[in-house]
Amino acid sequence: MKKLLVIIFLAASISSFAQTKNFIDQNYIEVTGKAEMEVVPDRIYIKVLLSESDSKNRVSVPELEEKLIKKLKKIGIDLEKDVFIKDMASNIKFHMLAKNKIYLSKEYQVIAKDGKTVAEIFLGLEEVGISNVSIEKVENSKIEEYRKEVKINAIKAAKEKAIFLANAIKQEAGRAIFIGENNFGNPTFESNNIRIRGASTLLGRKSIDEPLQNFEFEKIKLESTIMCRFVLK
């Protein structure tokens, strides 16, 4: 019985070696296909910190919260879908800033769809005395679909390159026998990498009623590089 198992194992090993050898011995052409795409961010995450210490005349957090909600509603933000309280376990935090002085703070996250809305939020909140506002990150809601599309375009580019090069020596590029992808990670922009065109015009405006021009976020760049080997006929 042991002898039979050894024979079967040896036969399987020889078969595996033969398949590997046949794969290596095949004539093939190796090429790399690349593709890029730029998409506009449609989910801009804004951090809003309500704090008694940041407000004039020490307005209470509940009062600031009321002003925040009222202003966001006026701008057109969906309060149920795009406004969140951060850290629900302790949504009101206490800060000891000086002896015998305790201030409260509460953090919100607001999601905007475009640069114009972001500008309206910044200016609108400034008007009601809320100035601790910052952009955390930007994303695109269909990023997975776009990522797949870029990968498809990259492998198509590899095939086209293989056909072109093979034809140059009067041969043909057949089926793929190897496909390898270089992964560049998830494309998201964190706060320290976000670039905004027209930010200076936003800072120079005195009112939300002034026309806003050329205020937009840098596009998210997607890249894909795929290495392929095609049978060379």
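Reader: Which residues does lysine 71 touch?
Author: A contact here means heavy atoms within 4.5 Å. Residues up to four places away in sequence are not counted, and lysine 71 then touches Gly124, Leu125, Glu127 and Val128. This is a predicted model: local features need pLDDT of at least 70, side-chain atom pairs count only at pLDDT 80 or more, and totals for chains, interfaces and linings use all residues. Residues are numbered from 1 along each chain as its sequence is written, and side-chain values use heavy atoms, with hydrogens and water left out.

Reader: Is lysine 71 buried or exposed?
Author: Lysine 71 is found in helix α2, residues 61-75; helices (H or I, at least four residues) and strands (E, at least two) are DSSP runs numbered from the N terminus. Buried means under 20% relative accessible area, exposed over 50% and partly exposed in between, with a 1.4 Å probe and protein chains only. Because its relative accessibility is 12%, lysine 71 counts as buried.

Reader: What do the buried residues of α5 pack against?
Author: Buried in α5 are Ile143, Arg147, Val150, Ala154, Ala158, Ala162 and Ala166. An α-helix has 3.6 residues a turn, so residues three or four places apart point the same way. The buried residues of α5 pack against β1 (28-39), β7 (173-182) and β11 (220-232).

Reader: Which ring does arginine 229 lie over?
Author: A charge sits over a ring if NZ of Lys or CZ of Arg is within 6 Å of the ring centre and within 35 degrees of the ring normal. Lysine 137 has its charged end over tyrosine 45, 4.9 Å from the ring centre. For arginine 229, at 5.1 Å from the ring centre, the ring is that of phenylalanine 178.
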